[in-house]
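Dear colleague,

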Amino acid sequence: MKFGTQDQAFFPTDIKEKFQYIKDMGFEAYEIDGKLLVEHTEEVKEAMKETGIVIETACNGYDGWIGDFIEERRLRGIEQISEILRALGEIGGKGIVVPAAWGMFTYRLPPMVSPRSQAGDFKAVSDSLLQLDKVAAETGTKIFLEPLNRYQDHMINLLADARTYIDKNELKNVEITADFYHMNIEEDNISTALTEQKDYVGHIHLADNHRYQPGSGAINFVEHFKTIKELGYDGCLVYECRLRGEDLPTIYQNSLNYLKECMEKA
């Protein structure tokens, strides 16, 4: 397993400097913004070659959700995600992390009545995934469907919800992103959910229970890393978190050191 990171505000903006900075911190992988990858594919290739940092996944970089209420945006999102998949295929990446939507609607806050039926939700997301499944097959990549918590998305909250889309649509190139932060809110137990969906989880995001850096909250990482090892997961463990504190580089470094110790104890 490799520890990876998304971008942070204190990382260098130059691509090659960014990759070297990530390597010096002790990360082995970088989860890149999809738009950055598409617009700077050759420079990314050079940075990967020079530093040894791998890009297995992309996240973000498109402006239409696969479950968007607005059809024009949904179709644009499919087109943009397809372009990112092609770029990932070119650099040897595995796939892109995709939720059904983020911040579009929640049943937990007013108005609490969705502008679309649950059947309509399923149809829209399924249509998007079926189209992207074909592109993934053509590019040798994957869609990593990510359940979000109930306050950020109303369609896919549990790992089991994501599995339903995969099974009912017979998707061959869609797997699940298991995000510890969202799982801490939605699942009865993180390790139990990972075990139940072990054949579907292809990617993992890391944050503590409050979305800040691992080690600053209440999640038992040793317990869940032990589960991950027992399940034979061999993908990346990617930081997707905010940071709490003043000396952000030191805080981030200390968190990574903490998780590496947890992995050794697991």
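This is a predicted model: local features need pLDDT of at least 70, side-chain atom pairs count only at pLDDT 80 or more; totals for chains, interfaces and linings use all residues.

In soluble globular proteins, nonpolar side chains tend to be buried together. Here the largest nonpolar core contains 71 residues, and those with the most contacts inside it are Ile96, Phe180 and Phe225. Helix 4 (residues 71–91) gives the most to this core, namely 7 residues. Setting aside neighbours within four places in sequence, Phe180 is in contact with a number of residues, including Ile190, Leu194, Ile219, Phe221, Phe225 and Ile228.

Helix 1 (residues 15–25) shows how a helix can be buried along one side. The buried residues of this helix are Ile15, Lys18, Phe19, Ile22 and Met25. They lie on the same side of helix 1 because they cover an arc of only 125° around the axis. Among the elements that cover these buried residues are strand 1 (2–5), helix 3 (41–51) and helix 10 (248–265). At the start of helix 1, a side-chain oxygen of Asp14 comes to within 3.2 Å of the backbone nitrogen of Lys16. Just after the helix, Gly26 has a positive phi of about 110°.

Finally, the largest pocket holds about 320 Å³ of space. It is lined by 15 residues, of which Trp102, Gln152, His182, Arg211 and Glu240 are the closest to its centre. Strand 5 (95–99) and helix 7 (180–186) each supply at least two residues of this lining.

Yours sincerely

Technical notes: Residues are numbered from 1 along each chain as its sequence is written. Side-chain values use heavy atoms; hydrogens and water are left out. A nonpolar core is a set of buried Ala, Val, Leu, Ile, Met, Phe, Trp, Tyr and Cys residues joined through side-chain atoms within 4.5 Å. Buried means under 20% relative accessible area, exposed over 50%, partly exposed in between (1.4 Å probe, protein chains only). Helices (H or I, at least four residues) and strands (E, at least two) are DSSP runs, numbered from the N terminus. Contact means heavy atoms within 4.5 Å. The arc is that of the directions from the helix axis to the C-beta atoms. A polar contact is a pair of N or O atoms within 3.5 Å; within protein, one must be able to donate a hydrogen and the other to accept it, and residues adjacent in sequence count only if both atoms are side-chain atoms. On a 1 Å grid over the protein atoms alone, a cavity is a set of points where a 1.4 Å probe fits but cannot get out, and a pocket is an open set with protein on both sides within 12 Å along at least five of seven lines; lining residues have an atom within 4 Å of a point. Grid points are joined across faces, edges and corners, and a volume is the space filled by probe spheres set on the points.
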